[in-house]
Amino acid sequence: MADYHSKFLGKDDTGAPLEIGVRDGVIVAVGANLDGEGEHAHDFGDALILPGWIDAHVHFNEPGRADWEGLATGSQALAAGGGSVFFDMPLNSSPPVVDAASLLEKKALAEKKSWTDFALWGGLIPHSLTSLAEMARAGAVGFKAFLCDSGLTEFPATDRATLIEAAKVAADLDLPIAVHAEVPVPNQPPPSGTDYHAWCRSRPVTMELAGIELALEACAKSGAAFHIVHVSSPEGVDLIQQAKSEGLNITLETCPHYLLLDEEKGAAIGNLAKCAPPLRPRDQVEALWDRLNQGLIDTLGSDHSPCPPELKTSSNIFEVWGGIAGIQHGLPLVLSRNPSLSRQISQNVAERFRLPAKGGLRVGVDADFIVLQKGSFPIEGQSSLSRHPHSSYLGMTSSWQVEATYLRGKAITGPGRAQFLTPQAS
């Protein structure tokens, strides 16, 4: 008898044969020709087997705004798109997660409703500074701060002094700070126009670089770990990489929409493609791809931020809710261009956020993986499992389709097995 209960056979991201042995939900063997058959064999033929996506950046908006998405539909769509774990942001739920009570309320809901495992960010706003420790004790994976207007009055921006003070607390708690890095620069002209290009002009790359510089200052002064979310520009990647080379404890994420869309495509899509930072010109998108392919971008997060359709209807782009939805289709579309992103979608995330039971297809970690079939798969609204099917990816065609997502060795078919993940002490 083999020392595993189940064996899964398919191909790795190079097309080579891959076999995974699983016992009690944990990977116990990985190779091309494993000895023994196990009690249950699953032969996926030429299908690709990759580690499950650990999406460290979602807005499922529950409690309080479940009509925008919800934990059930959001996690179901994530699983259909290759995700086995999500980290929910402290907004746009209402109340936002800015203390232990609100974090535990969301945890209880997710344990009942989620299709996947999950972790929870705590919120860093000026008046939550005294609550960071209690959120850490409640299991927060880290703290999220906006350096600009979040769009919600209950989640105000964090100024420089507060960020530096909070970073010192986070360093003592041994938890990272995730930063939305956009800061208005001096003498920036006011917005002109109300169309999509006006939105992009109003938030130039210099805003992102100024936000990153502020995060780097706080990182250097505190010794805290920082994670810059949704980096949209190659210049931002380069700035963070320079800081890494100087010894700062900082990592960065980009999102599928900054790789799949550009400003011109966004203008053609319209309000559904509004996001912050905005989509960039095509040459910057290609430069971002270059850096991703070189391994200079640490993680890939969806920043799935849906809303009801009526919040996307104004003729004035500045009045439209900002956020791109598409958690079900973003990863397969990115993998259609480069299927060799296992570290960015899984292992790097698990390592950064100290989840030793997760990450990659390695002996000793949970058997979380996705099975992808090759083909031509158009993205259509009727296929969407999100609460609102208004994805910016509609009309695009993926070369890969997720046939199944496995969580601890079993295909995800509904809620009931979700586990709340907390960071291991370093």
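The questions and answers below set values against definitions.

This is a predicted model, in which local features need pLDDT of at least 70, side-chain atom pairs count only at pLDDT 80 or more, and totals for chains, interfaces and linings use all residues. Residues are numbered from 1 along each chain as its sequence is written, and side-chain values use heavy atoms, with hydrogens and water left out.

Q: Why are helix 1 and helix 2 called oblique to each other?
A: The axes of helix 1 (residues 71–80) and helix 2 (residues 100–113) cross at roughly 55 degrees and come within 9 Å. Axes are lines fitted to C-alpha atoms, for helices over the stretch in contact, with angles from 0 to 180 degrees between N-to-C directions. Angles under 35 degrees count as roughly parallel, over 145 as roughly antiparallel, 65 to 115 as roughly perpendicular and the rest as oblique. Helix 1 and helix 2 are therefore oblique. Helices are DSSP runs (H or I, at least four residues), as are strands (E, at least two), numbered from the N terminus.

Q: Which residues make the contact between helix 1 and helix 2?
A: Leu71, Ala72 and Ser75 in helix 1 meet Lys106, Leu109, Ala110 and Lys113 in helix 2, where contact means heavy atoms within 4.5 Å. By class, this contact has four nonpolar, one polar and two charged residues. Here Ala, Val, Leu, Ile, Met, Phe, Trp, Tyr, Cys and Pro count as nonpolar, Asp, Glu, Lys and Arg as charged, and the others, Gly among them, as polar.

Q: What makes helix 4 oblique to helix 6?
A: The axes of helix 4 (residues 160–173) and helix 6 (residues 205–222) come within 9 Å and cross at roughly 40 degrees. That angle makes helix 4 oblique to helix 6. In the contact, Arg160, Leu163, Ile164, Ala167, Lys168 and Ala171 of helix 4 meet Leu214, Ala215, Glu217, Ala218, Lys221 and Ser222 of helix 6. Seven of these residues are nonpolar, one is polar and four are charged.

Q: How do you know whether Cys219 is buried or exposed?
A: Buried means under 20% relative accessible area, exposed over 50%, and partly exposed in between (1.4 Å probe, protein chains only). Cys219 has a relative accessible area of 2% and is therefore buried. Cys275, at 3%, is buried.

Q: Where is Glu310 found, and why does Glu310 count as exposed?
A: Glu310 lies in the loop between strand 13 (299–300) and helix 11 (330–337). Its relative accessibility is 55%, so Glu310 counts as exposed.

Q: What makes helix 11 mostly covered?
A: Six of the eight residues of helix 11 are buried, namely Gly330, Leu331, Pro332, Leu333, Val334 and Leu335.

Q: Why is Leu91 called buried, and which residues does Leu91 touch?
A: Leu91, in the loop between strand 6 (83–88) and helix 2, has a relative accessible area of 2% and is therefore buried. Not counting residues up to four places away in sequence, Leu91 touches His59, Phe146, Ser150, Leu152 and Phe155.
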